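Take a moment with the sequence and the model below. The paragraphs that follow start at one residue and then work through the rest.

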Amino acid sequence: MEPIQVNAVLLRGLLPDLRLAPGTRLVGRVIERHGDHGLLNLAGAVLVARLPAGVEAGQRLRLAVAEVTPEQVEL
């Protein structure tokens, strides 16, 4: 599956205790989708994420952190 990308600064602000390192596993749910972006619920925080094709609203996702940069987190 293609990666999901979220804003790293926003994620750190909403979930400051969440360890964001490659390999960290999370469970998320797609709340809604609009084009190539959507709302993703991660650990109780709702974030705007760039979603790959085939990921639909209501879908539960098992995610792993693939890459972390100052600007974004790739899951």
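Which residues does Pro 70 touch, not counting residues up to four places away in sequence? The contacts are Ala 8, Val 9 and Arg 12. Keep in mind that this is a predicted model. Pro 70 sits in the loop between β6 (67-68) and β7. Its relative accessibility is 58%, so Pro 70 counts as exposed, since the cut-off for exposed is over 50%. Ala 53 is 17 residues away from Pro 70 along the chain, and 25 Å separate their C-alpha atoms.

Now step back to the whole protein. One helix and seven strands make up its list of elements. Along the sequence they follow the pattern β-α-β-β-β-β-β-β. The radius of gyration is 11 Å, close to the 11 Å that the globule rule gives for 75 residues, so the protein is as compact as a globular protein of that length. A box of roughly 25 × 20 × 20 Å, taken along the principal axes, holds the C-alpha atoms.

What share of the 75 residues is buried? The figure is 36%. The protein exposes about 4,500 Å². Carbon and sulfur atoms supply 52% of that area. Contacts also reach along the chain. Take those between residues at least 6 apart in sequence: 59% of them join residues at least 24 apart. As for charge, the protein has 8 positive and 8 negative side chains. The centres of these two sets lie 8 Å apart.

Ile 4 belongs to the segment before β1 (5-7). Ile 4 has a relative accessible area of 0%, so it is buried, the cut-off being under 20%. Its contacts, leaving out residues up to four places away in sequence, include Leu 40, Ala 49, Arg 50, Leu 51 and Pro 52. Leu 61, Leu 63, Val 73, Glu 74 and Leu 75 are also among them. Ile 4 and Ala 64 are 60 residues apart in sequence, yet 9.9 Å apart in space, C-alpha to C-alpha.

One of those partners of Ile 4 is Leu 61. Leu 61 is found in strand β5 (residues 60-64). Is Leu 61 buried or exposed? Leu 61 is buried, with a relative accessible area of 6%. Beyond residues up to four places away, Leu 61 touches Ile 4, Leu 26, Val 27, Gly 28, Val 30, Leu 40 and Val 55. Leu 40 is 21 residues from Leu 61 along the chain, and their C-alpha atoms are separated by 9.7 Å.

Glu 74 lies in strand β7 (residues 72-74). Which side chain of opposite charge is nearest to Glu 74? That is Arg 50, 7.0 Å away. Glu 74 is buried yet has no salt bridge. Glu 74 does have contacts beyond residues up to four places away: Pro 3, Ile 4, Gln 5, Ala 64, Val 65, Ala 66 and Glu 67.

Ala 21 is in the loop between α1 (8-14) and β2 (25-34). Although in a loop, Ala 21 is buried, with a relative accessible area of 16%. Ala 21 touches Val 65 and Val 68, again not counting residues up to four places away in sequence. Val 73 is 52 residues from Ala 21 along the chain, with 9.2 Å between their C-alpha atoms.

Where does Ala 43 lie? Ala 43 lies in the loop between β3 (37-42) and β4 (45-50). Ala 43 is exposed, with a relative accessible area of 56%. Now look at its backbone. Most residues other than glycine have a negative phi. Ala 43 has a positive phi of about 50°, although it is not a glycine.

Notes:
Residues are numbered from 1 along each chain as its sequence is written. This is a predicted model: local features need pLDDT of at least 70, side-chain atom pairs count only at pLDDT 80 or more; totals for chains, interfaces and linings use all residues. Side-chain values use heavy atoms; hydrogens and water are left out. Helices (H or I, at least four residues) and strands (E, at least two) are DSSP runs, numbered from the N terminus. Buried means under 20% relative accessible area, exposed over 50%, partly exposed in between (1.4 Å probe, protein chains only). Lys and Arg count as positive and Asp and Glu as negative; His and the chain ends are not counted. A salt bridge is a side-chain nitrogen of Lys or Arg within 4 Å of a carboxyl oxygen of Asp or Glu. Contact means heavy atoms within 4.5 Å. The radius of gyration is taken over C-alpha atoms; the globule rule is 2.2 Å times the number of residues to the power 0.38. Accessible areas come from the Shrake-Rupley method with a 1.4 Å probe; for residues, only the protein chains shown count as cover. The place of a charge is taken as NZ of Lys, CZ of Arg, CG of Asp or CD of Glu.
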